[in-house]
Amino acid sequence: MRSEKEIREYLTGIAFVLPAIIFLILFIAYPIIQSLALSFFKWRGVGPWKFVGFYNYIRMFTRDRYFFRALKNTILFTILMMSGEMTLGFIYAVLIDLGIRGWKAYRFIFFLPVTLSQVAISLLWVKIFQQEGLVNVFLGVLHLEQFQQIWLGDAKFAMWCLIFVAWWQWGGWHMVFFLAGMQAIDPQIYEQAKIDGASTLRRVFSITIPLLKNVWFILVVLCLINGFKMFDLVYVMTTGGPASATEVLGTQIYQHAFDVHKYGYASVLAVIMVTASLIITIFYVRVSGYRQEVLGE
Amino acid sequence: MRKFKRNDLGGLFSNTVIEAALLLWVIVQMYPIFWLFMSSFKPSNLVRARIFDLPKSFYFANYNFAKFNEEGITILIYLKNSAIVTGVSLVILMITSVLAAYGIAKLKVPGKNILIVILLALIGVPVHALMIPIFYFFVRLDMINSYWSLIFPYVAFNIPFAVVVLQTFFRQFPNELIEAAKIDGCGNLRTFFSVVIPVSLGAIFSVLVVCFLAIWNEFLFSLVMMRNNEVKTLPVGLMGFKGRYIVEWGPMMAALVIAIIPTIVFYIIFNRSLLKGISAGAIKG
């Protein structure tokens with residue numbers, strides 16, 4: 001038998017947690033289930049849902065070349081953005097952690113773009129890459145007219161332009177994680193290596209990089225997850241073009257749903273994205289022991 | 001923050017070379033933003049014809065947003081909408097998250113371990129995959145174009161991160177303090193508000209700052225939910241400049257400046273809390 005006091009304690013606990021849970025159920029859990037359900041139906045926004053079984057899935061996997069293009073681009077974007085951002089962030093962090101002159105200013109400057117609206121940043125870079133924009137004018141000043149391009153209008157360059165903007169904007173975000181990890185490294189390890197005659201570069205490669213393996217790991221996981229979420233940058237700068245050279249899953253789902261109103265078909269993409277990110281997250285939580293850390297066990 | 005000065009750069013090329021390279025990169029990093037501010041004070045024709053020149057005098061006409069009202073771009077209204085949506089979302093978000101985090105960390109909650117695992121898993125869910133059901137949820141309630149159709153999802157999307165970070169913090173909160181308050185006759189709520197909250201303001205604030213940026217800058221849901229010009233938030237409103245006003249660079253630059261100024265000011269003031277909050281979700285401490 002539970003005592004009245006114990007029941008009261010449980011009720012208090014539930015009362016504290018309940019508002020948050022209601023939000024999660026209404027706006028995350030229920031939509032996930034509904035997306036899953038809707039992916040087996042045909043629905044154009046009005047009228048009843050029409051059950052079509054696996055038709056949407058079969059069509060997407062066998063006949064939709066835009067889907068494969070978007071999937072390929074999403075993976076490419078994710079990998080290329082991640083490697084550049086992480087490299088930049090790591091270099092920033094190493095230099096700042098070494099106490100380079102003016103490190104506070106550098107830390108401030110490198111993180112600044114992270115705080116800015118992605119839409120505003122993208123619109124700004126559209127102007128920079130435009131035909132008579134900064135990049136082309138600058139090339140003209142250097143008498144490199146032969147390299148002038150309509151950067152975002154050319155399928156060869158558009159993707160790299162977006163990737164560059166991402167490097168520019170997100171390097172500082174990675175820097176913050178690396179810096180937090182570097183602060184947890186015992187300075188004595190460096191001192192010892194110094195006494196043993198290891199150069200700074202050597203210390204970076206054989207102490208800093210391996211000891212930060214948890215940080216590398218979580219950044220890769222976060223980048224993979226964020227890769228699926230990619231939307232703002234593409235939608236604003238190229239809307240997936242030219243000739244769907246920069247189409248990603250995020251822009252595809254928007255297009256299927258809100259441009260052509262094929263909600264069932266769009267839901268297939270939603271299911272794929274949610275499933276993939278859940279697999280990545282659960283993998284991470286299991287492998288990293290993050291759960292134990294959070295639970296304080 | 002710990003002092004960084006623990007090492008010289010010796011052996012990693014020379015200091016001068018590194019500092020010069022870094023400085024060069026800082027210019028690349030900062031120039032677009034500098035150019036944006038500079039161009040916003042130049043007449044449109046000069047923005048393009050004299051693209052690198054500093055403005056000869058401050059041309060404030062670009063900031064006269066009233067001029068664009070009849071063309072359907074109402075920057076000040078977007079600014080107001082962003083402020084309302086972000087403000088209300090943050091208030092609701094912080095109340096629900098702080099309560100839930102404390103409940104999970106210190107109170108008896110049935111199934112709390114499963115709850116934490118679910119929260120962790122939900123941090124990674126690409127919420128924009130969920131926009132179709134959420135859109136129709138609000139269509140059925142006839143609440144499209146209502147601030148609430150953004151506020152409720154924004155609160156929900158940020159709860160997993162906020163609760164996970166805050167509950168890690170509350171867990172380290174000394175039980176003795178809570179017990180002492182109880183012995184003094186405080187109930188759970190009293191203890192929570194007069195003992196726990198005041199000590200935890202720093203951590204709560206770090207989370208608040210991170211969520212502020214996420215909500216203020218959110219684009220996709222706002223694009224889907226806010227169809228009327230009167231209720232658009234800034235990121236969606238700015239899209240009005242895409243395609244149109246190709247000739248009018250000046251006013252567009254001014255609008256972009258207005259869009260990023262709040263977060264820059266915010267960053268300058270709350271720099272330290274923000275950097276702490278960003279990494280708090282991933283790395284303990």
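## Chain A: contacts and overall form

In chain A, 69% of the contacts with a separation of 6 or more join residues 24 or more positions apart. The model is predicted. Chain A holds 14 helices and two strands. Of its 297 residues, 44% are buried.

The C-alpha atoms of chain A occupy a box of roughly 75 × 70 × 30 Å along the principal axes.

## Helix α10 of chain A

Helix α10 of chain A covers residues 213-229, 17 residues in total. From first C-alpha to last, α10 of chain A reaches 25 Å. That is close to the 24 Å expected at 1.5 Å a residue.

Which residues of α10(A) are buried? They are A:Val215, A:Leu219, A:Val221, A:Leu222, A:Leu224, A:Ile225, A:Gly227 and A:Phe228. These buried residues pack against four helices of chain A: α3 (65-97), α7, α12 (249-259) and α13 (263-288).

## A:Ala166 in helix α7

Helix α7 of chain A spans residues 155-183 and includes A:Ala166. A:Ala166 has 21 C-beta neighbours inside 10 Å, so it counts as buried; the cut-off is 20 or more.

Neighbours within four places in sequence aside, A:Ala166 is in contact with A:Met81, A:Glu85 and A:Leu233. A:Ala198 lies 32 residues from A:Ala166 along the chain. The C-alpha atoms of A:Ala166 and A:Ala198 are separated by 35 Å.

## Chain B: an all-helix count

Chain B has twelve helices and zero strands. Its pattern along the sequence is α-α-α-α-α-α-α-α-α-α-α-α. Chain B is more spread out than a compact globule, because its radius of gyration is 24 Å, well over the 19 Å that the globule rule gives for 285 residues.

Along the principal axes, the C-alpha atoms of chain B fill a box of roughly 75 × 65 × 35 Å. Buried residues account for 46% of the 285 residues in chain B. Take the contacts in chain B between residues at least 6 apart in sequence: 77% of them join residues at least 24 apart.

## Two domains in chain B

Chain B divides into domain 1 (15-65) and domain 2 (67-280). Taken over C-alpha atoms, the centres of domain 1 and domain 2 of chain B are 32 Å apart. Their contact takes 13 residues from domain 1 of chain B and 13 residues from domain 2 of chain B.

Which helices supply at least two residues each to the side of domain 1 of chain B that touches domain 2 of chain B? They are α1 (15-39) and α2 (44-49) of chain B. By residue class, that side of domain 1 of chain B has six nonpolar, five polar and two charged residues.

## Where chain A meets chain B

How many residues does the contact take from chain B and from chain A? Chain B gives 82 residues and chain A gives 86 residues. On the side of chain B that touches chain A, helix α12 (residues 249-280) of chain B gives the most, with eleven residues.

The side of chain B that touches chain A divides by class into 57 nonpolar, 16 polar and nine charged residues.

Note on methods: Residues are numbered from 1 along each chain as its sequence is written. Chains are lettered from A and ligands numbered from 1 in the order in which they are written. This is a predicted model: local features need pLDDT of at least 70, side-chain atom pairs count only at pLDDT 80 or more; totals for chains, interfaces and linings use all residues. Two residues are in contact if their C-beta atoms, placed from the backbone, lie within 7 Å. Ala, Val, Leu, Ile, Met, Phe, Trp, Tyr, Cys and Pro count as nonpolar, Asp, Glu, Lys and Arg as charged, and the others, Gly among them, as polar. Domain bounds come from an automatic or database domain assignment. A residue is buried if 20 or more other C-beta atoms lie within 10 Å of its own, exposed if 12 or fewer, and partly exposed in between; C-beta atoms are placed from the backbone. The radius of gyration is taken over C-alpha atoms; the globule rule is 2.2 Å times the number of residues to the power 0.38. The expected span of a helix is 1.5 Å times one less than its number of residues.
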